[in-house]
Amino acid sequence: MADIVELSTDARSPHPLDIQTAPGITRIALSNPPANVLSIAVMEALLAALRDAGADPDCRVVVLAASGKTFSAGHDLKELTAHRADADGGRAFFEKTMRICAELMQAIVRLPQPVIAEVNGIATAAGCQLVASCDLAIASEEAQFQTPGVHIGLFCSTPMVALSRNLSPKHAMEMLLTGERIDARSAREFGLVNRVVPPEYLGTVVGKYATTIASKSKTTVRIGKKAFYEQAEMGLSDAYDYAARVMVENMMETDAEEGIGAFLEKRKPEWSGR
């Protein structure tokens, strides 16, 4: 895999995010230390950044990272608690928070480009959900993961959706029922992350994954990511019928014709860039 090129800071990055770009790669980092909490403002900023990346014709991969020792501690409990003083006891605000959170997690899955989580700290509750929602996750040896809601009388039901789609049922329930923190190695065994690397190599490894994916046909990757999640929700027979239709449509694309031709002619393919 090729080395990542130097990233340049996008001066338009909205607070509390740090957005950087390199050829084919958009890096979005949570930058509201110390806990990088997912307040409504942060989630809305993330949604806007993902929409911008999704619409950017030059973006082929998104890296989701964070500054500091905490990847994300999840929802802003102080913000949520403050709204208990509302006339409805906070219900409307709680509903808004969970609605935006669900929209954010689904936006990651539905983004045309693959999203790689770069985790170099603690990811808890909705922060852990954020990692689980990404297509790939690379963690440093110092990363830790937790769904601690059960400790405070609030079962991590929304993180459960992402966890149950990544982990085995018993591993997911272990995290949800005990609320205990797991280390990066356990997270890999559970299926939450792809690789665990020394912290000093985390950026390099994530960069290699990103540049490798960015070198592929954008059209092919877009088709493949969408198909992966669509078929996962289907029964076996329907999944094969759907995947067969996708393969046929993919074969009709210019990049498939070019890629197969390049393979047969033993040359490097020249992607259309669409």
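These legends accompany a set of close-up views of the structure above. The model is predicted, so to speak of local features a pLDDT of at least 70 is needed, and side-chain atom pairs count only at pLDDT 80 or more, while totals for chains, interfaces and linings use all residues. Residues are numbered from 1 along each chain as its sequence is written, and side-chain values use heavy atoms, with hydrogens and water left out.

Let us start with helix α6, residues 169-178, where Ala172, Met175 and Leu176 are buried. They span an arc of only 95° around the axis, which puts them on the same side of α6; the arc is that of the directions from the helix axis to the C-beta atoms. Buried means under 20% relative accessible area, exposed over 50%, and partly exposed in between, with a 1.4 Å probe and protein chains only. Helices (H or I, at least four residues) and strands (E, at least two) are DSSP runs, numbered from the N terminus. On the face turned away from the buried side sit the exposed residues Lys170 and Leu177. The buried residues of α6 pack against α4 (126-133), β9 (144-146), α5 (157-164), β10 (182-183) and α7 (184-190), where contact means heavy atoms within 4.5 Å. Just after α6, Gly179 takes a positive phi of about 70°.

**View B. The largest pocket.**
About 1,200 Å³ of space lies in this pocket. On a 1 Å grid over the protein atoms alone, a pocket is an open set of points with protein on both sides within 12 Å along at least five of seven lines, a cavity is a set where a 1.4 Å probe fits but cannot get out, and lining residues have an atom within 4 Å of a point. Grid points are joined across faces, edges and corners, and a volume is the space filled by probe spheres set on the points. Among the 41 lining residues, Val109, Ser133, Asp135, Phe228 and Tyr229 are the closest to the centre of the largest pocket. Helix α9 gives the most to this lining, with ten residues.

**View C. The second largest pocket.**
Here the space is about 570 Å³. Of the 21 residues lining the second largest pocket, Leu77, Leu80, Met98, Ile152 and Leu154 lie nearest its centre. Two or more lining residues come from each of α2 (77-82), α3 and α5.

**View D. The largest nonpolar core.**
This core has 56 residues, and Ile28, Phe145 and Leu192 touch the most other members. A nonpolar core is a set of buried Ala, Val, Leu, Ile, Met, Phe, Trp, Tyr and Cys residues joined through side-chain atoms within 4.5 Å. Not counting residues up to four places away in sequence, Ile28 touches residues including Leu17, Leu46, Leu50 and Val62.

**View E. The largest cavity.**
The largest cavity has a volume of about 30 Å³. Its lining consists of Leu46, Leu50, Val62, Leu64, Leu104, Ile108, Val115 and Leu130.

**View F. Serine 272.**
Our last stop is Ser272, in the segment after α11 (254-264). Ser272 counts as partly exposed because its relative accessibility is 34%. Leaving aside neighbours within four places in sequence, Ser272 is in contact with Thr219 and Asp255.
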